[in-house]
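Please look at the sequence and the structure together before reading on. The report below moves from the surroundings of a ligand to a pocket and then to the chain as a whole.

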Amino acid sequence: MLTLLDDAIATRADDEGGFGVYVHWPFCQSKCPYCDFNSHVRHGGVDQTRYAAALVRELETMADWNPDRRPISVFFGGGTPSLMEPSTVGAVLEAIDRTLGLPADVEITLEANPSSVEQARFEGYRAAGVNRVSLGVQSLNDADLVALGRRHDVATARAALALAQRIFPRVSADLIYARPGQTTEAWAAELGEMLAICGNHLSLYQLTIEPETRFWDLAKAGKLVVPNDDAAADLYELTHALTTAAGFERYEVSNHARAGEAARHNLVYWRGGRYLGIGPGAHGRILVDGTRTATATHRMPEAWLAAVEAEGHGLAEREALARDMIADEYLLMSLRLSEGLALDRYAERAGAPLDAERITTLIDSGLLEHGNGRIRIPQSARLLTNAVVRELMP
Ligand SMILES: C[S@@+](CC[C@H](N)C(=O)[O-])C[C@H]1O[C@@H](n2cnc3c(N)ncnc32)[C@H](O)[C@@H]1O
Ligand code: SF4
């Protein structure tokens with residue numbers, strides 16, 4: 001059981017990190033061979049009216065536990081949220097506004113796939129209140145889009161990006177790099193093309209071969225070979241050089257934005273804020289009976305639906321977080337950011353400061369920088385982020 005002091009710390013952590021709502025839509029038209037997100041294909045279709053009602057119900061339950069904050073961000077992630085009917089998105093947003101209150105300047109993001117069917121829904125999402133779209137372009141190379149199992153080609157992705165930019169005030173695009181056989185020259189050309197058309201925000205992910213995916217099986221069988229660590233590091237550095245030259249800041253390991261365009265939603269996670277996670281397989285950091293609690297809902301959509309309809313929420317896991325866990329999480333998440341970790345915030349959460357000697361050693365080795373009461377990992381050491389975090393962890 002946490003003490004009153006711990007509760008105060010948890011609340012303070014929320015205040016500093018902001019408050020958001022994550023909504024997971026767990027359905028896709030097909031399963032991409034690299035993807036281990038909670039996504040399911042339902043050929044028979046999905047009863048959106050029933051899912052919308054369940055999302056609203058789960059939101060109401062969690063909002064009741066967390067009535068004190070207004071979200072700075074709402075994020076519809078997936079799966080493929082651009083398979084949601086605009087009316088489903090609208091119902092969830094209306095419920096958030098009714099229960100928690102949506103400020104006029106709230107960021108409302110929806111992850112969209114670029115197919116033409118989804119493009120037809122863009123106007124409806126905008127009318128429902130969505131003001132930022134994150135478009136899963138993944139590649140500007142037709143052969144690689146096929147290899148990634150994507151259902152769109154480059155022309156469709158370009159059209160979707162142009163349309164999204166006409167309709168939404170803010171648009172981001174995702175690309176996956178370090179793909180099988182990808183050379184630095186090819187990536188430089190592709191990223192250059194993307195930087196010319198993408199606007200203000202890009203998420204650039206190195207391909208990860210995740211367990212229990214088709215790519216994992218192929219890699220194990222030697223039929224899929226990704227760039228080795230050195231080649232991947234070259235691609236990472238090239239990514240930094242090209243995005244910086246184009247006026248983007250790498251504000252997080254994989255996220256790049258022009259000034260003022262960072263995604264507020266992800267900042268809530270990385271700054272240790274609070275977020276409700278609703279929908280199948282959603283994670284959250286919420287208050288339950290006043291205690292900061294890590295939550296996860298049932299991953300299987302039908303199990304989640306039945307639980308919400310019976311109990312008002314689909315939580316499969318909830319773990320009250322002790323202060324050392326809150327502090328460890330802040331360390332892990334904040335050092336992903338270019339702004340880094342605020343030493344006083346860490347000390348307050350942990351009840352003790354980080355080890356000064358270890359910080360000095362890391363600074364002397366060029367693995368950390370210090371200034372304005374913060375420590376951060378310099379660009380030159382970003383690939384060693386996990387090792388630096390391990391070294392600092394008490
Ligand atoms: C929830 S996913 C997908 C959103 C949307 N359904 C789509 O596919 O465009 C969010 C992003 O994670 C990235 N991603 C997913 N699996 C990945 C992997 N194994 N390696 C690297 N990036 C990955 C992709 O760029 C993707 O756009
Ligand atoms: S990458 Fe996107 S579209 Fe593909 S299976 Fe994963 S969530 Fe679905």
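In sorting residues by class, Ala, Val, Leu, Ile, Met, Phe, Trp, Tyr, Cys and Pro count as nonpolar, Asp, Glu, Lys and Arg as charged, and the others, Gly among them, as polar. This is a predicted model, in which local features need pLDDT of at least 70 and side-chain atom pairs count only at pLDDT 80 or more, while totals for chains, interfaces and linings use all residues. Residues are numbered from 1 along each chain as its sequence is written, chains are lettered from A and ligands numbered from 1 in the order in which they are written, and side-chain values use heavy atoms, with hydrogens and water left out.

Around ligand 2 stand residues including C28, K31, Y34, N113 and R150. The second largest pocket, with about 160 Å³ of space, is lined by residues among them W25, C28, H40, R42 and L83. (A pocket is an open set of points on a 1 Å grid over the protein atoms alone, where a 1.4 Å probe fits, with protein on both sides within 12 Å along at least five of seven lines; lining residues have an atom within 4 Å of a point. The volume is the space filled by probe spheres set on the points, which are joined across faces, edges and corners.)

| Group | Nonpolar | Polar | Charged |
|---|---|---|---|
| Lining of the second largest pocket | 6 residues | 5 residues | 1 residue |

Technical notes. Near = heavy atom within 4 Å.
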